[in-house]
Amino acid sequence: MSNVFVPFLYELRARKVKVGAQEALALAHALSRGLHESSLDGFYHVARALYVHPNTDLNTFDQTFSSHFHNIKTTSITILNKLKSW
């Protein structure tokens, strides 16, 4: 399972979300206890609860999660922001 969430952890760090070893260990413990209910949605909720500390990181977390696990690129968000500014 570490081959799934460790690269995700590094991707979050690359996007300036402040996560570290303590959060990684907490996620590993939560996963070992089955708190994610063996689903990607459950993993999302557990990881978000443990990795996002200030609310300003919520959007970055969601974008990173979508990109990492669903292969969704953030170009649609960029296009939407351009349309709003126009």
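Me: In this predicted model, how are helix α3 and helix α4 (residues 58–70) placed against each other?
Reply: The axes of α3 and α4 lie 11 Å apart, and the two helices pack at an angle of about 145 degrees. Two packed helices are described by that pair of values, an angle and a distance between axes. The crossing of α3 past α4 is right-handed.

Me: What makes this a contact between α3 and α4?
Reply: Contact means heavy atoms within 4.5 Å. On the α3 side L40, F43, Y44, A47, R48 and Y51 take part, and they meet L58, F61, D62, F65, F69 and H70 of α4. Sorted by class, the contact has 9 nonpolar, 1 polar and 2 charged residues.

Me: How do you know that the length of α3 agrees with its number of residues?
Reply: Helix α3 covers residues 40–51, which is 12 residues. At 1.5 Å a residue the helix should span 16 Å, and its end C-alpha atoms are 16 Å apart, so the two values agree.

Me: Which residues of α3 are buried?
Reply: G42, F43, Y44, V46, A47 and Y51 are buried in α3.

Me: Why is L27 called buried?
Reply: Buried means under 20% relative accessible area. L27 has a relative accessible area of 0%, so L27 is buried. L27 belongs to helix α2 (residues 21–32).

Me: What does L27 touch, leaving out residues up to four places away in sequence?
Reply: L27 touches F5, F43, V46, A47, L50 and Y51.

Me: How far apart are the C-alpha atoms of L27 and A49?
Reply: They are separated by 9.5 Å, while L27 and A49 are 22 residues apart along the chain.

Methods:
Residues numbered from 1 in each chain as written. Predicted model: local features only at pLDDT ≥ 70, side-chain atom pairs only at ≥ 80, totals over all residues. Heavy atoms only, no water. Helix = DSSP H or I, 4+ residues; strand = E, 2+ residues; numbered from the N terminus. Expected span 1.5 Å × (residues − 1). Buried < 20%, exposed > 50% of the residue type's maximum accessible area, 1.4 Å probe, protein only. Axes fitted to C-alpha atoms, helices over the stretch in contact; angles between N-to-C directions. Left-handed = near helix turned anticlockwise from the far one by under 90°. Nonpolar A, V, L, I, M, F, W, Y, C, P; charged D, E, K, R; others polar.
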